[in-house]
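Work through the exercises below with the sequence and the model at hand. Each task is followed by a solution in steps.

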Amino acid sequence: MILKRLYDDHLAQASYLIGCERTHRAVVVDPKRDVELYLDAARAERLTITHVTETHIHADFLSGSRDLAGETGAALYLSGEGGRDWQYAWARDALAEVIHDGATFMVGEVRLEAVHTPGHTPEHLSFLVTDTAHASEPIGALTGDFIFVGDVGRPDLLEKAAGIAGTKEEAARSLFTSLQRFKKRPDYLQIWPGHGAGSACGKDLGAMPQSTLGYERLFNWALAETNEDRFVERVLEGQADPPAYFAVMKRKNRDGVSHDATTAPRSLSANDMKKLNADLSSVVVDTRLAAEFAVEHLSGSINIPHTKSFLKWAGALIPYDRDVSLIVPGGLTGAASILKELSLIGLDRIGGIFRAELIGDAARSGAPVSTVKQLSVDQLANPEKRDGVVILDVRNDDEWASGHIPGAIHIPLAALTGRVGELPADRPIAVHCQGGNRSAIASSILKHAGRSDVSNVAAGFSEWERSGNPIARGDV
């Protein structure tokens, strides 16, 4: 049996290619939209993709299952569990076989058995994998968003991301039941999870690529907990708000992905940027690092640095229903990887690319430019400097509750676009997060919304705390 883990650092997501050495047939589990990745991996192993499946209706990326099955002619298997509201609406059109708990299919001499493991989502399946050429029992399990290394899939996404009110406690209890059943399997069973550290699909995922059920039973809090009420309380406690784009992905992956043709973005001139700047409805995203953006940027542009967190914040802050222009070092040439990443979460309406190195030219052509003022923690702590300043904390709810600057206003970054109006319009604003990354993005959002007197506290709350300044705790 051949097993390849195909991991995407930006999504903290793992797909799997499993092949039979004798027949050269293969299955891909949980593919994302970049189907060439799987075709290349299969060619490298001299495999033919004959089966495609996924563990559940994903919320954090656009599924590539239908595209990959269509490209290869592979048989497509989709979960039929979860009740009427969580069926794949496109399964029939895609000629998919709808499977339930206990269903099996053979990929050459490799057997996959579906196990219904609800909790993270109602329809969630895990797959037991048996190399029948050498064994009669499973060697491992593809657990998707059910069991991670050190954690389990969060059960609150239907409520927080899909808007299905009152479901998170019921889902948490389903997750507990699924774990109690699954953990009775042998210690040697390998665990191949769908996500790693950094994913928003759990709270405290480990960075190891795989584990064993025996190890997780010993050291994963969720499998060690035997009291259902304590489990429910703990699994729901401290779950951060999911990225805003999760709701869009959940709907698209359940109801069917649009395959409308998209046009390649064009290269934008300095004069184009001047016109965009004059259009108050335009969306311009500058992908440079925060320090570069702060020195000089086109007024009104939003800064989402192209780092490992780029997709998370792009999905939260870039609208799906409007054309977007990108400012990228290197212009069209430098934009290739960014465009590919955005496509993974369905952000395809990229109208143009402007080369970041030409911002000076845009300024000389009449496009207004701006800077972001930087404020030190010492300045913020100085009563004279702080007088009249609104302190905005853009960290998550759990970070705020564990400690915050007295008198600060709390609006998590993911919610800021829709809540700028809650901030006083006639006072300067100092924005901070934990270490300066999120506050840099937030500063650009405030300036885009017309707030001109904005400063970024680049050292963040961590420096405020280290300096011995006063700290308030709790939710208020």
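**Exercise 1.** Determine the handedness of the crossing of α4 and α7, its geometry, and the residues that form the contact.

Solution.
- Handedness: α4 and α7 cross in a right-handed sense. The model is predicted.
- Distance and angle: the axes of helix α4 (residues 168-182) and helix α7 (residues 228-236) come within 9 Å, and the crossing angle is roughly 120 degrees.
- Class: angles from 65 to 115 degrees count as roughly perpendicular and those over 145 as roughly antiparallel. The pair α4 and α7 is therefore oblique.
- Contact: α4 contributes K168, E169, A172, R173, L175, F176 and L179, while α7 contributes E228, D229, F231, V232, V235 and L236.
- Composition: the residues of this contact of α4 with α7 comprise eight nonpolar and five charged, with no polar ones.

**Exercise 2.** Describe how α11 and α12 cross, and sort the residues of their contact by class.

Solution.
- Distance and angle: the axes of α11 and helix α12 (residues 336-344) come within 10 Å and cross at roughly 60 degrees.
- Class: angles under 35 degrees count as roughly parallel, and 65 to 115 as roughly perpendicular. α11 is therefore oblique to α12.
- Handedness: the crossing of α11 with α12 is right-handed.
- Contact: F310, L311 and A314 of α11 meet I338, E341 and L342 of α12.
- Composition: five residues of the contact of α11 with α12 are nonpolar, one is charged and none is polar.

**Exercise 3.** Characterise the largest pocket: what is its volume, and which helix gives the most to its lining?

Solution.
- Volume: the largest pocket has about 1,000 Å³.
- Lining: 48 residues line the largest pocket, and G198, A200, S309, K312 and W313 lie nearest its centre.
- Helices: at least two lining residues of the largest pocket come from each of α8 (245-255), α11 (310-317), α16 (397-402), α17 (413-416) and α18 (437-448).
- Main contributor: α11 gives the most to this lining, with five residues.
- Composition: the lining of the largest pocket has 24 nonpolar, 13 polar and 11 charged residues.

Conventions
Residues numbered from 1 in each chain as written. Predicted model: local features only at pLDDT ≥ 70, side-chain atom pairs only at ≥ 80, totals over all residues. Heavy atoms only, no water. 1 Å grid on protein atoms, 1.4 Å probe; cavity = no way out; pocket = protein on both sides within 12 Å on 5 of 7 lines; lining within 4 Å. Points joined across faces, edges and corners; volume = space filled by probe spheres on them. Helix = DSSP H or I, 4+ residues; strand = E, 2+ residues; numbered from the N terminus. Nonpolar A, V, L, I, M, F, W, Y, C, P; charged D, E, K, R; others polar. Axes fitted to C-alpha atoms, helices over the stretch in contact; angles between N-to-C directions. Left-handed = near helix turned anticlockwise from the far one by under 90°. Contact = heavy atoms within 4.5 Å.
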